[in-house]
Amino acid sequence: MQHHYELVQSLTSCDYSSRAHPTALRDFARQFGWHPSYQLDIPSTSALANTHLVVEHGLENTAVITFLKSPKRYADLRLDERMSLLSISYNNLVDWHIHVQPDEATFVFNRSNRERVVQQTRIEPEGSLDVLCSQAFEQICGRKPNPNVPALDDALVNTVSYWKRNLAAELNNQISNDSISALFNAIMFVRAAEDHQKLHSGNIQVLREQDETLLGLWEKSHNTKARLGEFLISNLGRLSGGTVPSYLVRKDDLCAFDDLSQDTVSELLADFYQNKYEPQYRYDFSLISKHALSRIYEHYVSVLHLEETPQKTLPFFKQLPEEERDKAYGSVYTPQFIARFFARYLREQMPPRHFRNLRVIDPACGSGIFLRTLLEMQCDPAYDEVDSGVVEKAFENTVGLDLDMNACQATCLSLALLNLILTERLPSSLNVVNEEAISYYQQHSELKETYDAVIANPPFVALGAQSPVMRQRIADFMHGYAEGRIDTFVPFLRIGLELLKPGGIGMFVLPHSFLLSRNARKMRRLITDNAWICCLADLSAIRVFQDAATYVVLLIFQKKSGASGMAPHAKIIKCRELVGRALEEAVEGRQTQTPEYSIYEADQSTFAEDDWLVLPPTESIIKKKLTNLPKLEDFLCVREGFLSGADDVFIIPTSHIPKGEESIYVPFLHDREMRAYTVPECSNQCFFYPYIDGRKITEDELKEHFPATWRYLCGNESTLSARRSCSEKHRAWWEPVRPRLPQNMMLPKIVSPHLSLVPRFALDTEGVYAVSHSPLLYPKDPDMAQELLRFFVAVLNSTVCYWHVAAHSHTYARGYAMLEPKTLKPVPVPDPFTVPPANRRRLLQLVDSRLACASSDAIHLERQIDDLVAEMYGLSSAEYKSLGIDM
């Protein structure tokens, strides 16, 4: 502990210098359990502090640690001095700022406009310094005040969104996304160069000088009628001390803003100095977080459109357009913790020199957050070996690729700002290419097996949202490597695998459906044939992308080399909460089982199956035990409900059925009305079902005998005729697309919601309900229909059976499983004809009691059913308990 105290004293001493203490920061981080992200030496704060260190714990809990210069004390600093320090963490998108002085540590939460100090603790030679440990910081984080100051990314994103819409309106909505993003990029480049110059001037007062700022110079140019684009380019050249690199600004796009008024430009520029949503903090674009830049990118690619409204707008009030994400790009920002996890995983796999010299490509770079995070770790100035040559080489070895020009501009912005921080100059060029990945790869065959690492969060675009050109390009490129309806992320896996050198590492963010989908089956096989699975993190229980309903896994694989050897174990992470901590422990090589997450190892043989169903060891034993049982499809027909193609037309309130025409309507049971075991006594909706006595009626019969319904359908003819099924399936315009024959739907059956969080299989004993999209099941042996339905409604609602169903199903929003015939048919079930007769009778009696029960006794009955079904499955109490249930 004495060593720890001396270390703190050295970092806060008045004669501290990074050269005099080259390893002090690393020692501090190691001794107190932190993971250092990067060091910040800011001369403008040198009168207050020696240095600043950005650290993290659990990949999600991050802080800036400032080592105050002795004898400075945080409590004695003036308000402007405190704010100059807190702005460092705020602009890095870090909520916590820890101020360390020789005898005290002060923990400050910077997103509260009232009292910010959460804890102050004395530091003494013989006392405990545990308060500086990362574990203690995690506890302090639990006491953070409610934030009432918007985070930097929210403030900046709102500013970009505000001006994007207002500039479009002022220019009569005749402005492209490319031009708008070029303008924001140019402003932020100039502001970054300006802030960097001021922060490294060593004079805090210069921060308050307005005359020579971009804004001040623009306001001085009032009489010169300066053009905004030329003005930005000339100032960037002035601040960077030379010719402006061509990648920084797109001159042609900036011409679109030449007609903006002087006052409009002044207001625009002012909003990139002072945070309009929290005036106590000024923007510092030389420090600004890569996460904030990533979120800004979302607004670069969003499409502006005017909402149609019957209300007229006064001529002097221009209607503001709204932003809407362009689904064709499939672009969402990647959270910081994923980027840090990938970068740290790479760093832990190899010697430091090899790590710094990695040749890396991101073929779907988006905002560049993966490349930026990796470069921060490779070029961390806290390490003695890192000099300008190392930085230059690392940037040369880094390649970004993206179809969207705005994404490339966002990446250039982020990487150029990092280079400015590291070298005090803007790079002359960056390896960021505006090309579509498949075409680029096909045109550059020399790139095959030339990269040490491929990192990507590829776009998730389903077939229906792809352009015809892209759809065909993917189909041609993936011929023999995929089948069916191929999502856009699949070809990126093939590209990544082929770009890697033997021994190279691929790291991908993928939708959970990749593990199970038929269209990716051949790609999964290609990966297992040519690479070892290193790590698979299932984050499908967590909403990783806040504004997108896609649930993901993280896949890391290493391309096999010619050298033979034992197959390595794969690290498996199943996470329900505390994702940052789970990923950190996985990087550190730990295995653990907690209620929030589990980390364990699996053999490579796990990935030899068609579906990559990765289970903890105890659940794998259960799965193996169940493989010898018969399948559900051996006893029941498993089908899907009707598909109308126009539910808003064909499904109507029951009260709207024309009088005398009830025979062509059937009760409709919505997913949300389904409950375990029983269906409701009645439904307030019905489905147009043109069948009478098992026969579909003709159009003439419909017109003659059901005239009110015919008039209703004719009133919706344009909508119904526009359905693709009318031309592709040669159906009459008034028919539902797939109504299902009565003998396949309107009979006694088991039904279930299409999306389900818990088992809700219900018995439609009379066969009166129609269901849409949802699975329906009925016995293959009609002579034993009632007994089999009662037996299997108990089995399907059991913990054991639903565990298997959910494990083999695609995961969607908030952990819901999609139940489909293809995943239900192979579900292993007890054989109703071989279980002991006494058990079968007992189970049927319990089901009958449950069907008749409408009280709280239902829970007790379901528990008895659950225990009896588990016994029929042959599970021990320990195995049953491993599924989260005590017997």
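Modeller: Strands of a sheet pair through backbone hydrogen bonds, either parallel or antiparallel. Here 5 strands form an open sheet with mixed pairing, in the order β19-β29-β26-β28-β22. At the edges stand β19 (636-640) and β22 (677-678), each with a single partner strand, so one side of each has no neighbour in the sheet. Helices (H or I, at least four residues) and strands (E, at least two) are DSSP runs, numbered from the N terminus; two strands pair if DSSP finds at least two bridges between them.

Colleague: How many bridges join β26 to β29?

Modeller: Strand β26 (residues 749-751) and strand β29 (residues 775-779) are joined by 2 bridges and run antiparallel. Val 751, for instance, has Leu 776 in β29 as its bridge partner.

Colleague: Before we continue, what should I know about the model itself?

Modeller: This is a predicted model, in which local features need pLDDT of at least 70 and side-chain atom pairs count only at pLDDT 80 or more, while totals for chains, interfaces and linings use all residues. Residues are numbered from 1 along each chain as its sequence is written, and side-chain values use heavy atoms, with hydrogens and water left out.

Colleague: How are salt bridges to be read?

Modeller: Side chains of opposite charge can pair when their charged atoms come close. A salt bridge is a side-chain nitrogen of Lys or Arg within 4 Å of a carboxyl oxygen of Asp or Glu, and by this rule the count is 33. In one of them, Glu 588 and Arg 590 meet with N and O 2.8 Å apart. Salt bridges that share partners also join Arg 73, Asp 103, Glu 104 and Arg 122 into one network.

Colleague: Which residue forms a salt bridge with Arg 78?

Modeller: The partner of Arg 78 is Asp 80, and their closest N and O atoms are 3.0 Å apart. On accessibility, buried means under 20% relative accessible area, exposed over 50%, and partly exposed in between (1.4 Å probe, protein chains only). Arg 78 is partly exposed at 48%, and Asp 80 is partly exposed at 32%. A further salt bridge links Arg 347 and Glu 348, at 3.9 Å from N to O; Glu 348 is partly exposed, at 45%.

Colleague: Is Phe 489 buried or exposed?

Modeller: Phe 489, which lies in helix α19, is buried, with a relative accessible area of 0%. Contact means heavy atoms within 4.5 Å. Not counting residues up to four places away in sequence, Phe 489 touches Pro 458, Pro 459, Phe 460, Leu 510, Pro 511 and Phe 514. The C-alpha atoms of Phe 489 and Phe 460 are 5.5 Å apart, although 29 residues separate the two along the chain.

Colleague: Which residues line the largest cavity?

Modeller: Its lining includes Ile 361, Leu 401, Ala 437, Tyr 440 and Ile 495. Helix α17 (437-443) gives the most, with 3 residues. By class, the lining has 9 nonpolar, no polar and no charged residues; Ala, Val, Leu, Ile, Met, Phe, Trp, Tyr, Cys and Pro count as nonpolar, Asp, Glu, Lys and Arg as charged, and the others, Gly among them, as polar.

Key:
1 Å grid on protein atoms, 1.4 Å probe; cavity = no way out; pocket = protein on both sides within 12 Å on 5 of 7 lines; lining within 4 Å.
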